[in-house]
Amino acid sequence: MKHSYTSKEIEYFLEIAFGVEYGSSERLKKWSGEIRVVVKGEPSREDITTLKQVIDELNELANQNIQLRIADENPEITIWFVPVDEMRVYEPNYIQDNWGFFWIWWKDSFEIYRANILIGTDKPTQNIRNHLIREEFTQSLGLCMDSRKYPDSIFYQEWTDTQEFADIDKKLIEILYSKALLPGMTKSQVKKVLSCSPL
């Protein structure tokens, strides 16, 4: 099924998909193929339920162009459930005072090949942890930026505990993992592809 996108959706995609929260990049970054997700630390039962739900939703929205699955070993994505004060032990790039955090690595081709996600187990409530799992995991797929545009979006920069993807978030995930967009594309190349024809 072909999708066409509104100018509002395209503009938001370009804002969220280009750059990283800590640093900068002028190229599109995305995963490919199967992605093994290994859980470490001390997640609650609800943490695992939320993680599985988010993974199912992301697989569906990506139209199976990536296949995320929880595994026991050899992770591409490691998600740590640890106390906030210990986060730097598990990810040296961690920025203090974040209850949730992610860090990604990509090849010269801009294909993402590794991610580390941290979720605090002590300071955030379960409801907030559920939000952080959704936000940090989704951002680690290549939608790295935050924005002040849409308060119901998972990418909203101000503090929220949104528990589901807004409709525009779903569009962004669909767009990123459409086959028409390739890692390494510039913003102008992506804009041209999105504006020219349905994906």
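Which residue lies over the face of W105? That residue is R114, at 3.9 Å from the ring centre.

## About the model

This is a predicted model, in which local features need pLDDT of at least 70, side-chain atom pairs count only at pLDDT 80 or more, and totals for chains, interfaces and linings use all residues. Residues are numbered from 1 along each chain as its sequence is written, and side-chain values use heavy atoms, with hydrogens and water left out.

## Charges over rings

Back to the opening pair: a charge sits over a ring if NZ of Lys or CZ of Arg is within 6 Å of the ring centre and within 35 degrees of the ring normal. R114 meets W105 in this way. R134 likewise lies over the face of F165, at 4.5 Å from the ring centre.

## Aromatic pairs

Rings of Phe, Tyr and Trp (its six-membered ring) pair if their centres lie within 6.5 Å; planes under 30 degrees apart count as stacked, over 60 as edge-to-face and the rest as tilted. By this rule the count comes to 4 aromatic pairs. One of them joins Y12 and Y150 edge-to-face, at 4.7 Å centre to centre with 85° between the planes. This pair links distant parts of the chain, 138 residues apart: Y12 belongs to helix 1 (residues 7-17), and Y150 to the loop between helix 4 (126-139) and helix 5 (167-176). Helices (H or I, at least four residues) and strands (E, at least two) are DSSP runs, numbered from the N terminus. Y12 has 1% relative accessibility, so it counts as buried (under 20% relative accessible area, with exposed over 50% and partly exposed in between; 1.4 Å probe, protein chains only).

F101 and W103 make a stacked pair, with 6.3 Å centre to centre and 15° between the planes. F101 is buried at 2% relative accessibility, whereas W103 is partly exposed at 22%. Together with Y94, these two residues form one aromatic cluster.

## Helix packing

Helix 1 and helix 5 pack at an angle of about 70°, with their axes 10 Å apart. Axes here are lines fitted to C-alpha atoms, for helices over the stretch in contact, and angles run from 0 to 180 degrees between N-to-C directions. The angle makes helix 1 roughly perpendicular to helix 5 (65 to 115 degrees; under 35 is roughly parallel, over 145 roughly antiparallel and the rest oblique). Their crossing is right-handed, meaning that the near helix is turned clockwise from the far one by less than a right angle, with anticlockwise being left-handed. Y12 turns up again here: K8, E9, Y12, F13 and I16 in helix 1 meet I168, D169, K171, L172, I175 and L176 in helix 5, where contact means heavy atoms within 4.5 Å.

Helix 2 (residues 45-61) and helix 4 also cross right-handed. Their axes come within 10 Å, at roughly 35°. Residues from helix 2 including E46, T50 and L58 meet residues from helix 4, among them R129, I133 and R134.

## Loop residues

E26 sits in the loop between helix 1 and strand 1 (33-41) and is exposed, with a relative accessible area of 59%. Leaving aside neighbours within four places in sequence, E26 is in contact with F18, M185, T186 and K187.

Q64 is in the loop between helix 2 and strand 2 (66-70) and is partly exposed, at 48%. F110 is in the loop between strand 4 (100-106) and strand 5 (112-120).
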